[in-house]
Amino acid sequence: MAEEELSNSLEFTPTWVVAGVCFVIVLLSLFAERGLHKLGKYLLHEKQDALYEALQKLKEELMLLGFISLLLTVSQRSISRICIPAHVANHMLPCKRETAEHKTPEHYFLNHSTNNGRRLLSSETTSNHCQLKGKVPLLSLEGLHHLHIFIFVLAVVHVIFCVSTMVLGGARIRQWKRWEDSIQKDRRSGQSTAHVRHHHHEFLKERADGYWRRAAIIGWMIAFFKQFYGSVTKSDYIALRQGFIKEHCPRNPDFDFHKYMMRTLEIDFRKIVGITWYLWLFVVLFLLLNVDGWNTYFWLAFLPLILLLLVGAKLEHIISRLAQDVKQTGVHANESAIRVRPSDEHFWFNNPRIVLNLIHFILFQNSFEIAFFFWIWSTYGIHSCIMEKLGYVIARLFMGVIVQVLCSYSTLPLYVIVTQMGSMFKKGMFDDTVHGALDIWAGDAISRRDDSKQSSSHSMHKMINNEASTTVDVAEQEMVVMERTINVLPCQVQPPSSSS
């Protein structure tokens with residue numbers, strides 16, 4: 001056994017094999033790096049700054065994965081040489097052992113070598129190290145290798161799912177472009193008022209007519225089923241668009257609401273594509289609770305579907321609530337009184353951002369389910385005890401497909417338009433030129449303030465004068481910058497009072 005292990009080391013491996021494998025790995029890595037670099041240059045050339053920042057976020061996740069991979073590789077031998085009592089290693093197992101005589105280290109190693117067909121380098125040495133002490137290794141080299149692969153597969157599948165969801169959801173939202181074009185066309189032809197009024201009444205008729213709609217249970221039931229068919233109609237789009245423009249862009253009725261929504265979607269994609277600390281904590285919690293007999297893997301598959309249906313019903317219910325608020329003001333009131341009035345009060349905890357966090361968790365959880373399935377299939381086989389029964393596997397895959405399709409074509413488009421009905425508009429309100437001008441203005445104002453503080457240490461009287469003059473200078477600079485940028489602002493509003 002020792003001779004076999006020695007013959008497999010790099011000391012006795014042909015140099016052409018080592019060089020060839022290194023060449024292929026380095027070549028593939030360079031291709032991936034240059035591909036991402038070219039993609040970033042293309043996004044910058046097309047002025048897709050939001051997608052470019054999302055790509056940078058993706059690179060950060062890849063860097064984190066690289067660090068995790070390096071950490072596992074460097075520390076795997078030290079981890080595998082940590083020994084624990086054999087009886088401790090028999091608690092909270094994801095699969096039951098085939099025999100009952102596994103209470104001793106000898107039986108542990110015999111069963112371990114029987115159940116695993118592959119042996120990594122130095123695994124026998126590590127096993128013998130703990131066996132001599134009458135203990136078992138904390139985690140074998142093979143287990144570390146499988147864990148390494150699982151983390152990588154999880155991150156890759158999560159990115160693929162997020163990108164596919166954004167592409168499909170974006171395609172669905174782009175179908176609303178024809179509604180925006182028809183509104184602009186009617187406005188140029190002078191028929192905009194009658195057109196908007198007609199769809200506004202249709203919106204109230206579909207969403208607010210009937211006393212029974214105001215009942216909480218009935219209203220939530222209607223909202224629940226509404227997300228499956230015609231989640232957003234043309235009347236909904238026009239009514240919500242009018243409410244947004246009247247609230248935030250009263251002096252620009254030609255505001256391109258659809259273009260604004262697409263910008264906000266690109267900005268939100270930066271958050272969704274990342275894997276935050278609480279998502280990694282969820283992975284650790286699942287690995288802890290994946291105990292034989294608990295069926296954690298099966299029951300966990302229902303979580304993204306339940307959350308997705310709840311989020312979709314909530315977004316539909318918000319649209320109905322907005323229509324009911326308009327209905328209560330009176331249809332015969334003046335035009336400014338019957339419009340939809342955006343408000344944070346209709347969202348959970350008065351915070352529209354919670355919806356994005358839930359969608360982020362849903363997409364991650366769904367990708368986790370699929371990644372875990374393919375990882376178990378490729379590593380241990382379809383008949384592994386972790387897979388549980390075949391019926392459970394089919395049910396989990398079916399729910400994963402439902403979540404992906406429903407989130408792409410219903411929930412994500414609903415989120416994009418309904419979350420615009422908050423009390424404040426989002427960062428996508430201003431294009432990149434305006435954001436750049438405002439950033440320059442803010443940076444100059446801060447630097448002037450810091451300079452004034454440094455130069456004011458000579459005397460109190462001089463400090464007061466400098467502070468006063470600096471305040472005047474900053475105010476004058478603000479007026480100049482705002483006068484230069486106000487012509488390109490989409491809504492011609494004051495930016496400082498409407499941050500996202």
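Modeller: Helices themselves are DSSP runs of H or I with at least four residues, strands are runs of E with at least two, and both are numbered from the N terminus. This is a predicted model, in which local features need pLDDT of at least 70 and side-chain atom pairs count only at pLDDT 80 or more, while totals for chains, interfaces and linings use all residues. Residues are numbered from 1 along each chain as its sequence is written, and side-chain values use heavy atoms, with hydrogens and water left out.

Biologist: How many helices and strands does the protein chain have?

Modeller: The protein chain has 18 helices and two strands. Of its 500 residues, 43% count as buried, where buried means under 20% relative accessible area, exposed means over 50%, and partly exposed lies in between (1.4 Å probe, protein chains only).

Biologist: What share of the contacts comes from residues 24 or more positions apart?

Modeller: Such residues account for 80% of the contacts with a separation of 6 or more in the protein chain. Contact here means heavy atoms within 4.5 Å.

Biologist: At what angle do helix α6 and helix α15 pack?

Modeller: Helix α6 (residues 141-174) and helix α15 (residues 353-380) pack at about 135°, and their axes are 8 Å apart. The axes are lines fitted to C-alpha atoms over the stretch in contact, with angles from 0 to 180 degrees between N-to-C directions.

Biologist: Why is α6 called oblique to α15?

Modeller: Angles under 35 degrees count as roughly parallel, over 145 as roughly antiparallel, 65 to 115 as roughly perpendicular, and the rest as oblique. The angle of about 135° belongs to the rest, so α6 is oblique to α15. By the handedness rule, α6 passes α15 in a right-handed crossing.

Biologist: Which residues of α6 and α15 meet?

Modeller: On the α6 side they include F150, L154, V157, H158 and F161, and on the α15 side they include L363, S367, F368, F372 and W375. The residues of this contact divide into 16 nonpolar, seven polar and no charged. Ala, Val, Leu, Ile, Met, Phe, Trp, Tyr, Cys and Pro count as nonpolar, Asp, Glu, Lys and Arg as charged, and the others, Gly among them, as polar.

Biologist: How do you know that S367 is buried?

Modeller: S367 lies in helix α15. Its relative accessibility is 0%, under the 20% limit, so S367 counts as buried. Not counting residues up to four places away in sequence, S367 touches L154, V157, H158 and F161.

Biologist: Why is the pair of W277 and Y278 called edge-to-face?

Modeller: The ring centres of W277 and Y278 are 5.7 Å apart and the planes are at 85°, over the 60 degree limit, so the pair is edge-to-face. W277 counts as exposed at 64% relative accessibility, whereas Y278 is partly exposed at 28%. Elsewhere, ring pairs link F150, F282, F286, F361, F368, F372, W375 and Y380 into a cluster.

Biologist: What makes F349 count as exposed?

Modeller: F349 has 75% relative accessibility, over the 50% limit, so F349 counts as exposed. F349 is found in the loop between α14 (302-329) and α15, and has a positive phi of about 55° although it is not a glycine. N350 lies in the loop between α14 and α15, has a positive phi of about 55°, and is partly exposed at 48%.

Definitions and conventions:
Left-handed = near helix turned anticlockwise from the far one by under 90°. Phe/Tyr/Trp six-rings, centres within 6.5 Å; stacked < 30°, edge-to-face > 60°.
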